[in-house]
Amino acid sequence: MHANLNPEENTHVFDARGIARRFRHSAIFGALSALRSGETMRFINDHDPLPLLAQLRERFGEYLTVNYRERGPQGVVVDSGIVGLPGE
């Protein structure tokens with residue numbers, strides 16, 4: 001995996017590979033909730049987080065952005081953000 005650990009401005013790296021599996025979803029929800037408009041979380045994981053992405057879409061709906069940067073057998077890199085929330 002060639003994850004860019006020197007991301008663009010306003011992109012925050014979240015490497016889930018070092019977090020115990022039972023804590024990952026809670027930590028990711030918290031990290032996404034903490035983002036401000038225009039910020040991105042670069043999520044690095046050892047597998048494609050399809051169930052997690054479904055949960056995030058349920059919670060954040062149309063305000064969630066998801067962009068795969070890498071997707072392969074060794075893991076994924078996904079840029080996610082929250083945009084256009086009412087009250088921003």
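Reader: Hi! Leaving aside neighbours within four places in sequence, which residues is Asp 79 in contact with?
Author: Hello! Asp 79 is in contact with Thr 40, Met 41, Arg 42, Thr 65, Val 66, Asn 67 and Arg 69, where contact means heavy atoms within 4.5 Å. Bear in mind that this is a predicted model, in which local features need pLDDT of at least 70, side-chain atom pairs count only at pLDDT 80 or more, and totals for chains, interfaces and linings use all residues. Residues are numbered from 1 along each chain as its sequence is written, and side-chain values use heavy atoms, with hydrogens and water left out.

Reader: Thanks. Where is the place of Asp 79?
Author: Asp 79 sits in strand 4. Strands (E, at least two residues) and helices (H or I, at least four) are DSSP runs numbered from the N terminus.

Reader: And is Asp 79 buried or exposed?
Author: Buried, with a relative accessible area of 9%. The cut-offs are under 20% for buried, over 50% for exposed and partly exposed in between, using a 1.4 Å probe and protein chains only.

Reader: What about the eight residues of strand 4?
Author: Eight of the eight, residues 75-82, are buried, so strand 4 is largely enclosed by the rest of the structure. Gly 75, Val 77, Asp 79 and Gly 81 cover one side, with Val 76, Val 78, Ser 80 and Ile 82 on the other.

Reader: How many bridges join strand 2 to strand 4?
Author: Five, and the two strands run antiparallel; pairing requires at least two bridges found by DSSP. Strand 3 (residues 64-72) also pairs with strand 4 in the antiparallel sense, over eight bridges, and a hairpin of two residues joins strand 3 to strand 4.

Reader: Back to Asp 79: which side chain does it meet in a salt bridge at 3.4 Å?
Author: That is Arg 69, a salt bridge being a Lys or Arg side-chain nitrogen within 4 Å of a carboxyl oxygen of Asp or Glu. Asp 79 lies in strand 4 and Arg 69 in strand 3, so the pair ties together parts ten residues apart in sequence. Arg 69 counts as partly exposed at 40% relative accessibility.

Reader: How far apart are the closest N and O atoms of Arg 42 and Asp 79?
Author: They are 2.7 Å apart, in a salt bridge. Arg 42 lies in strand 2 and Asp 79 in strand 4, so this pair ties together parts 37 residues apart in sequence. Arg 42 is buried, and so is Asp 79.

Reader: New topic: how many salt bridges does the count come to?
Author: Six. One of them links Arg 21 to Asp 46 at 3.1 Å.
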